Amino acid sequence: MLRRTTVAAAALLAAGALLLSACTGSSAPSPSGSTAAADPDASVAVRLVLEPSNLDIRETAGAALDQILIDNVYQGLVSRTPDQEIVDTLASSHEVSADGLTYTFTLREGVTFHDGQELTPQDVVWSLQQVKDTATYRDSDRLKNVSSIAANGQDIVLTLSAPDSTLLWNLTGRAGLVFKEGDTIDRKTKANGTGPYALTDWKQGDSITLKRNDAYWGDKAKVAEVVLDFIPDTQAALSGALAGELDVVTGFDATLKDQIEANGAFSLVLGQSTDKGTLAMNSTKGPLADERVRKAIRQAIDKKSIVEALGAGQTLYGPIPELDPGYEDLESTAPFDPDAAKKLLAEAGAEDITLTLTIPSFYGTTVSQILVSNLDDVGITLKVDAVEFSAWLNDVYINKNYDLSFVLHTEAHDFENWANPDYYFTYDNPEVQALYAKSVAATDPDQAADFLKQAARIVAEDQAADWLYNGASVVAVAPTVTGFPTVNTNERMNLADLAKSR
């Protein structure tokens, strides 16, 4: 999350706001064909790539926390499905006033935290107020338009200073999580939520164990426990799966499909995601300040070959993926055309230029090798600087000292980064910023999405960056397992329906 972004990584332990991911395909149902009865005493072993540096989801970045804790351990008034639908959770219902300034949530009764304490309306008010008032909390600014938070019996009433079409969505994430007021646990090492699982054990460097919450207010979890094993190396995860040590492998390499499916012990499932393989271009200096050079780079890149090399995913030509509101196929803004790219470079007087691609070293070489080859075809020499993630954070994200950079941004609904001139993308367009503000202020969802669509087209037409592919959620699942989510698992991973047959 690096403040409204989550970036894919393969070994992101402590460093901030970026995550891991794979590529994209289409949504799929549960991959298991098992018809055997579910075992309520089962333990399910799930491979995750990333381990959080600590468990304090209020202050610590990193999508591993979202995967592990949101929906499973911690909950909010509302949540969202993998297909991005907003659903009531700790609220039994909610209403939004016609003017978009009052949100009323009716809190469920009979909900308890994992330590047995009762959930009260005051806990909700306190939790949301804490986020709003504490700038160091993740996503604090998501509640900036909320002027007051109050309880009226079982109703929680949020009053806004201005309409905010993003508020409900924001409440499905970290900004909306509910904690127990006055709780004394150390949130860096423990967790006390209201979800279907309680976090009972964290063996740092190895695994986290979630156990079924038998006092859960809703439908009880179908397995006794889930062990989340942290295995950054793909080959190690493959070996563990084939040795029977894992039931589910997330963040898998789709090119290894034949290997993991070889003996019938696993099925590889591709689901949609909001992952965006983003090639950032620093337009504040050098040849990249020229829009023609940026467009030439985009037209030189064969995105279909990237998707084929990754083994999953789909092409993407703009900043909004298909799962998010405002999506439009923007291939026309820079179709693959090396000859046109050469002409643009000649017009710009930018022939035989050399650029540096700064890329976190955990991404491997697949994407960078294709970029080097594609750009060489049009006369651009691309030097690849594979760096430790901490160096990428300092040089690229913080200091904006780069030519080109590649990371996988996984967070849904993150277009606001293109409306932020201080973000590391270095993109500053007042018209885009105004359209984004109009989208936020809109009270009609279709109108809000249309403003985003207009803004996204401008970003693409400005050649502000390139979007190499829309990644997929790549999950390998044993035939005894059902109910494991297969859509957008790189961002969220709701295990409520997970089951395992004997």
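A search of the whole structure finds 19 salt bridges, a salt bridge being a side-chain nitrogen of Lys or Arg within 4 Å of a carboxyl oxygen of Asp or Glu. This is a predicted model, in which local features need pLDDT of at least 70 and side-chain atom pairs count only at pLDDT 80 or more, while totals for chains, interfaces and linings use all residues. Residues are numbered from 1 along each chain as its sequence is written, and side-chain values use heavy atoms, with hydrogens and water left out.

- R174 forms a salt bridge with D66, with 2.7 Å between the closest N and O atoms; because R174 lies in the loop between helix 3 (167–171) and strand 9 (197–203) and D66 in helix 1 (residues 63–69), the pair ties together parts that are 108 residues apart in sequence.
- K500 and D247 form a salt bridge whose closest N and O atoms are 3.2 Å apart, and this pair links K500 in strand 21 (residues 499–500) with D247 in the loop between helix 4 (234–242) and strand 12 (248–249), 253 residues apart.
- Helices (H or I, at least four residues) and strands (E, at least two) are DSSP runs, numbered from the N terminus.

- R174 counts as buried at 4% relative accessibility, and D66 is buried at 5%, where buried means under 20% relative accessible area (1.4 Å probe, protein chains only).
- K500 and D247 are both buried.

**Other salt bridges**

- D183 and R187 meet through their side chains at 3.9 Å, N to O; D183 is buried at 18% relative accessible area, and R187 is buried at 6%.
- D139, R142 and E411 are linked in a network of salt bridges.

Conventions: Buried < 20%, exposed > 50% of the residue type's maximum accessible area, 1.4 Å probe, protein only.
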